[in-house]
Amino acid sequence: SKMMQTTTKILLLQIGNVLTFIFLVVSNVVAPVILEHFYPMEYYTVTRLNADHHTTLSPSFWIFLIWIPITLGLGSFVAYQSLKKWRNVYEELTVGNPIPRKPNFVEKIGPLFIINGILLGINTIAFSLGIFWLGTVCSTIVMLTCIFIYLKLGIGKKKFRKYHQVESSPLFVPTLDDRAAISESFWEFWLVHTPFSLYTGWIEVCLILNISITFRAIHLPISDMWTFLVLAAYFFLGCASLFWRKDAICGMVLALNLIAIGDAQFTSAISIAETALSLGIVLAILSVVIGSIRIHVYYKSTSPSYGQHGTPA
């Protein structure tokens, strides 16, 4: 039946996402310990990688701490998608709810997170063993899957409303469109969109850094012109996320990376450091301003003062 097919599909995706997250944790925490024990000569720590294949795009070590909130964020996504009750799915399939059901975020993401996580794990292991070409290929596909997830979720484009605030308005009479809008949980923004926004921004950084390390490993020169072009690309990607998607989180990740590059290069390449720091500070300021505006607009649109159909009274 249609109900069985839909629920089975969602359940399989939920299980796959959980197993993928477990694999990510193992490949990034447990696997490096095992590899360092059995292959001490071949194993690359971040410190050794930076020392042996340092480039003018290598950031300071502190930026890699971003993996902590990324891991926590992806963990929150996995927990939320596992515990969430898909009320509208069952209502439409069992009661004949007339609301045209839109795919929930698990269906929108589909198997992309599973593919992404498996390849990211392989990428980590490949770079740990110095197989840079394989890691770069994997990180390229990881970046593509991140972009697809980003677009499918509508990050920065989708409008959210707090369910309890809109519903509590004494003037609110839900129409079909209103019910479809408020069915999307407020928590989806924080536990789904926010982690993938953070993750996508960092993967953009990792891909370019991986390519640079691979070039360095095969003794291809990285000119200052190439470095300045990449710094401009980071800034452009940050501005694109800010002005196209109003995504301050992704913009801030790219800003912090530029600042980290400037911090790392300050003793060896002053012009590169100054350029990176300048672009990073400007991008960080833009991220704070646009993020503040977006938060203000969000809370204004969810206040009970809104009128009968969710528009200003």
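A crossing of two helices counts as left-handed if the near helix is turned anticlockwise from the far one by less than a right angle, and as right-handed if clockwise. By that rule, α7 (132-153) and α10 make a left-handed crossing. The model is a predicted one, with local features needing pLDDT of at least 70 and side-chain atom pairs counting only at pLDDT 80 or more, while totals for chains, interfaces and linings use all residues. Residues are numbered from 1 along each chain as its sequence is written, and side-chain values use heavy atoms, with hydrogens and water left out.

Helices (H or I, at least four residues) are DSSP runs, numbered from the N terminus. Two packed helices are described by the angle between their axes and the distance between the axes. Axes here are lines fitted to C-alpha atoms over the stretch in contact, and angles run from 0 to 180 degrees between N-to-C directions. For α7 and α10, the angle is about 155° and the axes are 9 Å apart, so the pair is roughly antiparallel (angles over 145 degrees; under 35 is roughly parallel, 65 to 115 roughly perpendicular, and the rest oblique). Their contact (heavy atoms within 4.5 Å) holds 16 nonpolar, nine polar and one charged residues. In this scheme Ala, Val, Leu, Ile, Met, Phe, Trp, Tyr, Cys and Pro are nonpolar, Asp, Glu, Lys and Arg are charged, and the others, Gly among them, are polar.

Helix α10 (residues 186-217) also packs on α3 (residues 67-83), at about 140° with the axes 9 Å apart. That makes α3 oblique to α10, and this crossing is left-handed too. On the α3 side the contact includes Trp 67, Ile 70, Phe 77 and Tyr 80, and α10 brings in, among others, Trp 187, Leu 191, Phe 196 and Trp 202. By class, the residues come out as 16 nonpolar, two polar and one charged.

Further along, α11 (residues 224-245) and α12 (residues 248-265) cross at roughly 160°, their axes coming within 7 Å. The two are therefore roughly antiparallel, again with a left-handed crossing. Among the residues that meet are Leu 231, Phe 235 and Gly 238 in α11 and Gly 251, Leu 254 and Ile 261 in α12. This contact has 10 nonpolar, four polar and no charged residues.

Then there is the largest pocket, with a volume of about 930 Å³. A pocket is an open set of points on a 1 Å grid over the protein atoms alone, where a 1.4 Å probe fits, with protein on both sides within 12 Å along at least five of seven lines; lining residues have an atom within 4 Å of a point. Of the 35 lining residues, Asn 28, Val 46, Phe 64, Trp 67 and Thr 124 lie nearest the centre. The lining divides into 24 nonpolar, 11 polar and no charged residues.

Definitions and conventions. Points joined across faces, edges and corners; volume = space filled by probe spheres on them.
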